[in-house]
Amino acid sequence: MTELSTTPGSAASAPAGGWRTATVRKVTHPHPRGVMLRLEVPDRVDHLPGQHYVVRLTAPDGYTAQRSYSLSSSPDDPLIELYVERLDDGEVSTYLADEVGVGDALDVRGPIGGWFVWRGDTPGLGIGGGTGVVPLVAMLRHARHTGATDRLRLVAAARTWDDLPYGDELRDAGAVLALSREAGRDGRAAGRLRPEEVAPLVEGRGDGWTAFVCGSAGFAESASALLLGLEVPAADVRVERFGPS
Amino acid sequence: MTVSHGFGGRRRPPRSDLPPGQYDAGREWPVLTAEVTPHLDPQRWTMSVDGLVDTPTTWSWDEMHALPQSDYEGPIHCVTTWSKFGMTWSGVSVDVLLDAVGVQDEAAYVLATSTTGYTTNLPLEHLRGGQAWIAWTADGKPLTREHGGPVRLLVPHLYFWKSAKWVTRLTLLEHDQQGFWEVNGYHDLGDPWREQRYQGD
């Protein structure tokens with residue numbers, strides 16, 4: 001691939017891998033509506049934090065369905081880790097949450113995407129809503145592994161503590177936590193993320209500083225508007241939106 | 001291919017107009033954008049066609065609306081695997097703009113650019129012959145900001161990232177020049193019927 005400066009801050013080419021048959025090594029249900037899958041991928045192309053994989057399911061009659069999921073694992077992890085929110089009408093997520101067990105084979109493809117990635121060598125701010133924290137956890141783990149935690153600041157927002165994947169890990173990392181429908185364990189009153197909670201995290205932005213906003217379309221819209229309100233240039237904000245609008 | 005036992009899928013009635021690997025999103029219209037959604041003032045927006053053309057031209061919002069309008073009725077297909085059927089779009093056919101500027105013989109590719117700096121590349125032949133529009137209404141209503149409003153490129157026979165939101169420029173080129181997602185691993189053409197999602201498909 002050619003590297004072109006076709007957009008402000010266009011990314012250098014990122015790693016990409018083809019289809020592999022992965023083996024499920026661990027299945028946990030950290031939350032009532034979430035499943036965490038750890039997969040062994042043969043002949044794996046290591047990802048960058050923020051990249052995603054596609055999971056494809058094939059029914060016995062040949063019908064297939066595929067969906068994209070961000071990784072929460074860091075590149076140094078020998079397994080890849082996905083956190084999948086179980087959507088009641090989701091044909092792939094319900095199967096992954098309810099049916100998949102250790103030892104099962106899954107067709108996966110990745111890593112994919114070279115825009116919403118943090119390589120760990122520039123300062124960054126991650127703002128995730130709900131399962132939007134998943135790629136930020138990959139960034140956090142990469143920062144810990146490479147000793148770059150001082151370059152990464154994190155904000156995690158959710159309706160309730162139960163709606164926040166990796167809550168303990170994010171809290172222990174010093175992330176700003178904002179629960180909109182219940183009080184935080186730190187005494188924070190229920191309410192949406194406020195500009196004054198983010199303002200200290202956008203001060204003193206260095207060269208190459210980038211904000212990574214990930215969540216539902218509505219969350220991504222409000223979080224990016226909040227950043228623009230703090231006079232962060234739009235070109236410094238990368239957004240990953242998912243889920244129904 | 002690995003068969004997932006116990007996987008049945010959503011089992012909507014099969015439809016022959018659903019490309020491989022896609023599902024029918026029904027009434028939903030998911031939003032996918034990699035950037036901050038801009039606020040565009042139509043009176044400040046312009047549409048330009050330049051590059052390998054005889055007369056590079058820029059149209060204002062009002063000038064675009066004074067051109068002959070046409071509609072598209074049918075589905076759109078997103079690379080993230082949803083398809084949305086039965087849509088109606090209105091705007092100006094890209095053919096009208098290309099006829100106005102005069103396409104030079106060497107032109108073979110187009111780079112579409114948005115006000116945000118987003119770009120996407122397409123072969124010129126896929127923008128001609130009633131296949132592409134500069135569109136400002138969807139299902140009879142002004143296109144909303146999150147879906148690219150007030151105006152976006154519409155190339156419904158290709159995956160929808162080719163239909164650049166907030167489009168402001170089409171540049172005709174002799175050689176293909178990769179755009180935003182294409183640099184990041186997505187396909188240069190993006191034909192849903194050939195399932196050209198990523199480079200190499």
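**Before starting**

This is a predicted model, in which local features need pLDDT of at least 70 and side-chain atom pairs count only at pLDDT 80 or more, while totals for chains, interfaces and linings use all residues. Residues are numbered from 1 along each chain as its sequence is written, and chains are lettered from A and ligands numbered from 1 in the order in which they are written.

**Stop 1**

The C-alpha atoms of chain A fill a box of roughly 55 × 45 × 35 Å along the principal axes. Chain A has a radius of gyration of 18 Å, which agrees with the value near 18 Å for a compact globule of 245 residues. That radius is taken over C-alpha atoms, and the globule rule is 2.2 Å times the number of residues to the power 0.38.

Of the 245 residues of chain A, 46% count as buried. A residue is buried if 20 or more other C-beta atoms lie within 10 Å of its own, exposed if 12 or fewer, and partly exposed in between, with C-beta atoms placed from the backbone. Among contacts in chain A between residues at least 6 apart in sequence, 66% join residues at least 24 apart; two residues are in contact if their C-beta atoms, placed from the backbone, lie within 7 Å.

**Stop 2: the two domains of chain A**

Colour residues 19–112 of chain A as domain 1 and residues 124–242 as domain 2; these bounds come from an automatic or database domain assignment. The C-alpha centres of the two domains lie 24 Å apart. Where they meet, 15 residues of domain 1 are in contact with 13 residues of domain 2. On the domain 1 side, the elements that give two or more residues are β1 (19–31) and β5 of chain A.

Next, select residues 17–118 of chain A, which the UniProt annotation "domain: FAD-binding FR-type" (unreviewed entry) covers. UniProt positions are given in the numbering used here, feature names are shortened, and annotations may be inferred rather than shown by experiment. The span is 8% helix and 47% strand, and its end C-alpha atoms lie 18 Å apart.

**Stop 3: details within chain A**

Which residues of α1(A) are buried? They are V92(A), S93(A), Y95(A), L96(A) and A97(A). These residues pack against β2 (34–40), β3, β4 and β5 (80–85) of chain A.

Move to P111(A), found in strand β6 of chain A. A cis peptide bond joins G110(A) to P111(A), with omega about 0 degrees.

Two residues with positive phi come next. D43(A), in the loop between β2 and β3 of chain A, has phi near 50 degrees and is not a glycine. D43(A) is exposed, with 7 other C-beta atoms within 10 Å. Y166(A) lies in the loop between β8 (152–158) and α3 (167–172) of chain A, and its phi is about 60 degrees. Y166(A) is buried, with 25 other C-beta atoms within 10 Å.

**Stop 4: where the chains meet**

Show both chains. The contact takes 44 residues from chain A and 37 residues from chain B. On the side of chain A, the elements that give two or more residues are β3 (52–58), β4 (64–70), α1 (91–98), β6 (105–112), α5 (217–229) and β11 (237–242). Of these, β4(A) gives the most, with five residues.

**Stop 5: chain B**

Now centre on β11(B), residues 167–173. Strand β2 (residues 46–51) of chain B runs parallel to β11(B) and is joined to it by four bridges; here G51(B) has L172(B) as its bridge partner. Strand β6 (residues 109–114) of chain B pairs with β11(B) in the antiparallel sense over six bridges, and T113(B) stands opposite R169(B). Two strands pair if DSSP finds at least two bridges between them.

Finish at P150(B), in the loop between β9 (141–142) and β10 (152–154) of chain B. The peptide bond from G149(B) to P150(B) is cis, with omega near 10 degrees.
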